[in-house]
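Visitor: Please show me how to read the main features of a model like this one. I would like the general idea, then the case at hand.

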Amino acid sequence: MAEDYFLVDAHAHLNELADLPKSLQEAKEAGVCGIVAVGMDVESNKKVLQITKENSEFVYPALGYHPWLIREEEIETNLSFVRDHAKEGVALGEIGLDYKIKVKKELQWKVFGELLDIAIESDKPVIVHCRYSHRRAFDMLRERKIKRAVFHWYSGPLRLLDEILKAGYLISATPALAYSPPHLEAIKRAPIERILLETDTPVSNQGREARPKDVRVSLDEVSRLKGLDPSLVSEQTTENASRFFKIRF
């Protein structure tokens, strides 16, 4: 029964949903007690702030600037918005690096570095995207002595994961556990105290768009991999989210 669980979807792009009211209601019915809505640029950040105002104490904002959307002429506008509104969010995210895209690495490093500086100034944790750039992203966090970070949908090397965990950082589990061996191995290796559940709504998983209610899939997969009762996983991951974001869900 959904009421047996209290779940947090720690990463969802709610601004992209045409069926937002329905999706939020279905999430509540599935036992979701909180959703962190992430932004990717000025426009999505504005939408995220509006959605959270309309759904206070259920949806919480994270303001970000995604590497996919970096354009040299738009950098300062995006950084200024995050800087001006950082205190309104529970985290900075989605931010990070992506070595599969064509945006110059040097430009990505500059933007990510400035966003990490904003996180320090505003005392906010960071939600890190790091496709094919896990080591560099981790090194930049350590160089700036970032204390709270979650590696979103971690699918990187296990040797680096050990360093990530030793540094006190978290990783997040998504419904992709059902079909992604690298992601599965990472979640198997990480202790339950270092895992957040998420959906990355509305990403498609095996042809089906995710919604926040699908955090139940993440719960079931983590429970299966860990050999733990779902109620224990629910309780621990929600506590992890409360501690990480400094809010009581």
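**Rings, strands and spaces**

Visitor: Are F151 and Y169 buried or exposed?

Guide: F151 is buried, and Y169 is buried too. Buried means under 20% relative accessible area, exposed means over 50%, and partly exposed lies in between (1.4 Å probe, protein chains only). This is a predicted model, in which local features need pLDDT of at least 70, side-chain atom pairs count only at pLDDT 80 or more, and totals for chains, interfaces and linings use all residues. Residues are numbered from 1 along each chain as its sequence is written, and side-chain values use heavy atoms, with hydrogens and water left out.

Visitor: How many aromatic pairs are there?

Guide: A pair of aromatic rings is described by the distance of the centres and the angle of the planes. Rings of Phe, Tyr and Trp (its six-membered ring) pair if their centres lie within 6.5 Å; planes under 30 degrees apart are stacked, over 60 edge-to-face, the rest tilted. The count by this rule is six aromatic pairs. F151 and Y169 form a tilted one, with 6.2 Å from centre to centre and 40° between the planes. F151 belongs to strand β6 (residues 149-151), and Y169 to the loop between α6 (158-166) and β7 (170-173), so their pair ties together parts 18 residues apart in sequence. F244 and F245 have ring centres 4.9 Å apart and planes at 85°, so this pair is edge-to-face. (Helices, H or I of at least four residues, and strands, E of at least two, are DSSP runs numbered from the N terminus.)

Visitor: What is the relative accessibility of F244? And what is the relative accessible area of F245?

Guide: F244 counts as buried at 4% relative accessibility. F245 has a relative accessible area of 4% and is buried.

Visitor: Now the strands. How many residues of strand β4 are buried?

Guide: In β4 (residues 91-98), eight of the eight residues are buried, so the strand is largely enclosed by the rest of the structure.

Visitor: How many bridges join strand β3 to β4?

Guide: Two strands pair if DSSP finds at least two bridges between them. Strand β3 (residues 59-63) and β4 are joined by two bridges and run parallel. There, L63 stands opposite L92 of β4. With strand β5 (residues 126-131), β4 pairs in the parallel sense over five bridges. L97 has C130 in β5 as its bridge partner. From β4 the chain crosses through helix α4 (residues 105-122) to β5, a right-handed β-α-β crossover. Right-handed means that, with the strands pointing away from the viewer, the path from the first strand over the helix to the second runs clockwise.

Visitor: Which residues of β7 are buried on its faces?

Guide: In a regular strand the side chains alternate between the two faces of the sheet. Both faces of β7 are covered, with L170 and S172 buried on one side and I171 and A173 on the other. β6 is joined to β7 by two bridges, and they run parallel. F151 stands opposite I171 in β7. β6, α6 and β7 form a right-handed β-α-β unit. Next, β7 pairs with strand β8 (residues 195-197) in the parallel sense over three bridges. Here S172 stands opposite L196 in β8. β7, helix α7 (residues 181-189) and β8 make a right-handed β-α-β unit.

Visitor: Where is the place of K188?

Guide: K188 is in helix α7. Its relative accessible area is 42%, which makes K188 partly exposed. K188 and V222 are 34 residues apart along the chain, and their C-alpha atoms are separated by 8.0 Å.

Visitor: What volume has the largest pocket?

Guide: On a 1 Å grid over the protein atoms alone, a cavity is a set of points where a 1.4 Å probe fits but cannot get out; a pocket is an open set with protein on both sides within 12 Å along at least five of seven lines; lining residues have an atom within 4 Å of a point. Grid points are joined across faces, edges and corners, and a volume is the space filled by probe spheres set on the points. The largest pocket has a volume of about 510 Å³. It is lined by 19 residues, of which W68, H129, R131, H152 and W153 are the closest to its centre. β5 gives the largest share of this pocket's lining, three residues.

Visitor: Which residues line the largest cavity?

Guide: The count is one cavity of 30 Å³ or more. The largest cavity has a volume of about 40 Å³. Its lining is A10, H11, I127, V150, H152, S172, L196, E198 and F245.
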